[in-house]
Number of protein chains: 4
Amino acid sequence: MRKAPQQARSREMVERLVTAGRRVLVERGYDAFSTNRVATVAGVSPGSLYQYFPDKAAILEVVIDRYWEEVADRVAASLADRIGEFGPGMVRATTDALLTALEADRELLRVVAEELPVQRNRERRAALERRVRELMTTYLAARPDSSHRPNPAVASWVVVLAIENLAMRWVLDQPEVVTRDQLLDEVLALVGGYLLA
Amino acid sequence: MRKAPQQARSREMVERLVTAGRRVLVERGYDAFSTNRVATVAGVSPGSLYQYFPDKAAILEVVIDRYWEEVADRVAASLADRIGEFGPGMVRATTDALLTALEADRELLRVVAEELPVQRNRERRAALERRVRELMTTYLAARPDSSHRPNPAVASWVVVLAIENLAMRWVLDQPEVVTRDQLLDEVLALVGGYLLA
Amino acid sequence: MRKAPQQARSREMVERLVTAGRRVLVERGYDAFSTNRVATVAGVSPGSLYQYFPDKAAILEVVIDRYWEEVADRVAASLADRIGEFGPGMVRATTDALLTALEADRELLRVVAEELPVQRNRERRAALERRVRELMTTYLAARPDSSHRPNPAVASWVVVLAIENLAMRWVLDQPEVVTRDQLLDEVLALVGGYLLA
Amino acid sequence: MRKAPQQARSREMVERLVTAGRRVLVERGYDAFSTNRVATVAGVSPGSLYQYFPDKAAILEVVIDRYWEEVADRVAASLADRIGEFGPGMVRATTDALLTALEADRELLRVVAEELPVQRNRERRAALERRVRELMTTYLAARPDSSHRPNPAVASWVVVLAIENLAMRWVLDQPEVVTRDQLLDEVLALVGGYLLA
DNA sequence: AATGAATGAGTCTTCATTCAT
DNA sequence: TATGAATGAAGACTCATTCAT
């Protein structure tokens, strides 16, 4: 209990550094993501950074982890709301949630998805995909009439990847020909047609 | 005409450097992609490199451009073989061609797609996508019965992105649950179900 | 009198820090001798260290001082045992005592003699040498027949340095060709031959 | 042959850096021996240093190696002059040569012998000692009447260490009580008395 | 045109020291 | 007095780029 204020300050410092890291990434790009710059933006000396992170990569990982965690949480929340109810409604709601999550910080998404050369990134995205995929596989296996596709695992792999990618690309590229509602409609058609054709 | 030999030599140098760049990328990864190393591998002095490329990024861009050009060429060739014939056969053949193109140099694909922090990458991929998309949009517009989707441009956007991404992820991740043939089947079902549902 | 307990605590702290310093030196070498590590090993905060020592060098000096003081004390004790009796017996006994003192903490000797870049080291060793030298000079001056060398001060300088160095090098290098007893014999022959030739 | 000027420049650069290193060591001490300072003193950029030396330690080693090589060469030259002639004359001449060698750069000797924490130093000194020791051992073994000591290897070990140390300490400490000639006389008496007593 | 030595800004990181609590 | 978080100067080293030859 006596350590509470210190822990609080420790948390605060980590927060400042991670926030600074995120800012540097968004505003100046990955090339500018140097320990000195992150420290400066955090209003902290370079040495302090190393009291809270073992090295440069560690900050980056936290930023990445946080980003995908946020996205995953939003999608999971939406999924939880509609638990048990599979079908068009759920697909639309989930895709919507994913879009909203990705739109929330488009700048960071751009850097994270297109600039970061880090393995950690792939791992985190893979984790999110796996999570949703497993849910879907289970559902498909439990309700044979919900899909005509022979292999639920394969079907989930296809659907999850397709949706994730369409959503990401739509958010990043903002194609003029496709409005947000259109995208949702198309995703619905894509998934519906695929599973039930 | 007097410049021909110099141009020839110039071409040759550019070639050596680009080839060296590709090799470095594939064999040692982007971290090792330093101008000095590329020059060394090309058997050329670091200074010479700057006679043919304004900076490090320029070489990288050529390597990237070449890569996606190759992929695009293969896909285009397959498309050309089946010109006029839309339908399952063409989708399968095109996807097959894309897979083959991506499988041809999986190592480089990995580096290009996951390690390179460069915007140029996105641009090139976008160019490939646009090319195929336009072809498809034209076709869909010309043959209304080939698709039930209201907007051909949107439908093309969806189909092209979905296929491209599924193919890339399959080549990179090599998911155990999905064989190559299965992938082709699923892509077919996905596209067919979407367009004709 | 009111300050006594504080002084006591002060002593204790100094003790802890010096002991920790010695440990760090012996176990991890001079490179690891950082104020932070010494403080950690002492179970004390880095800030506290500066309440008892003005800087890093100061701790090091105390460690060095202590080391040579210990050695000097052991040699002095041996000398005291044989006060008044000069000759082979005393030389052998003194050299033996020196060897024993140096062997007592060979690890620390190694660090102190070969790793420490500090002038202080020289000063302390010089103090030990002077102490023994003066004793010897006095004796030689008092008993002219104990030495045929013309200048007692010079003779003492030679003998003390020679013995000290031979002993140190023997302990540190552990030469295979020379056993401990042989070393004592040789030192005896060296000193005896020199003084009485 | 075409590379001659470049090699010449390379040599020159190495020379400049080593000289600068030596200067830094002598004038500012080992603490100030940073790559940046050495480069600055050499009138060269920090990067250049790494074109000629793999790391900081490498320069230091060259400085050390050169120093002891110089000393060894001088001693060896003196030894060569008196080849075959053992006895007082040779001991005196050799010790004289050693003294001269050590006196030649007393400042560097001080740093090398008392400040450098580097293992390399020990190795180099050990090499010099071994060289002379082996010569002496061979001689003693060949001419049994040149020494009454039972074990030539041991006798050489004792004599070489004693002389080396006495010389070094005399040069470094410049004791008032001992003149240079006195030192030579005493060394002679020491060695003579030891071997022939 | 080609070279490659030289550059020097910039990187990550450490650690002796300070100072608010 | 003790703490330990914060400091920031300095360190070793890299590498894209330049320029005299």
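**Interfaces between and within the chains**

In the predicted model, chain A and chain B bury about 3,000 Å² between them, with carbon and sulfur atoms giving 63%; buried area is the accessible area (1.4 Å probe) that two parts lose on being put together, summed over both. On the chain A side, A:W157, A:R169 and A:E186 lose the most area to chain B, together 22% of what that side buries. Chain A and chain B each bring 34 residues to the contact (heavy atoms within 4.5 Å). Across this interface 10 salt bridges are found (a side-chain nitrogen of Lys or Arg within 4 Å of a carboxyl oxygen of Asp or Glu). One joins the side chains of B:R149 and A:E186, at 3.0 Å from N to O. The largest share of the chain A side, 12 residues, comes from α8(A) (helices are DSSP runs of H or I, at least four residues).

The contact takes 9 residues from domain 1 of chain A and 10 from domain 2 of chain A. About 940 Å² is buried between the two domains, 64% of it from carbon and sulfur atoms. The interface of these domains has 3 salt bridges; A:D105 and A:R22 meet in a salt bridge through their side chains, at 2.8 Å from N to O.

Residues are numbered from 1 along each chain as its sequence is written, and chains are lettered from A and ligands numbered from 1 in the order in which they are written. In this predicted model local features need pLDDT of at least 70 and side-chain atom pairs count only at pLDDT 80 or more, while totals for chains, interfaces and linings use all residues; side-chain values use heavy atoms, with hydrogens and water left out.

Conventions:
Helix = DSSP H or I, 4+ residues; strand = E, 2+ residues; numbered from the N terminus.
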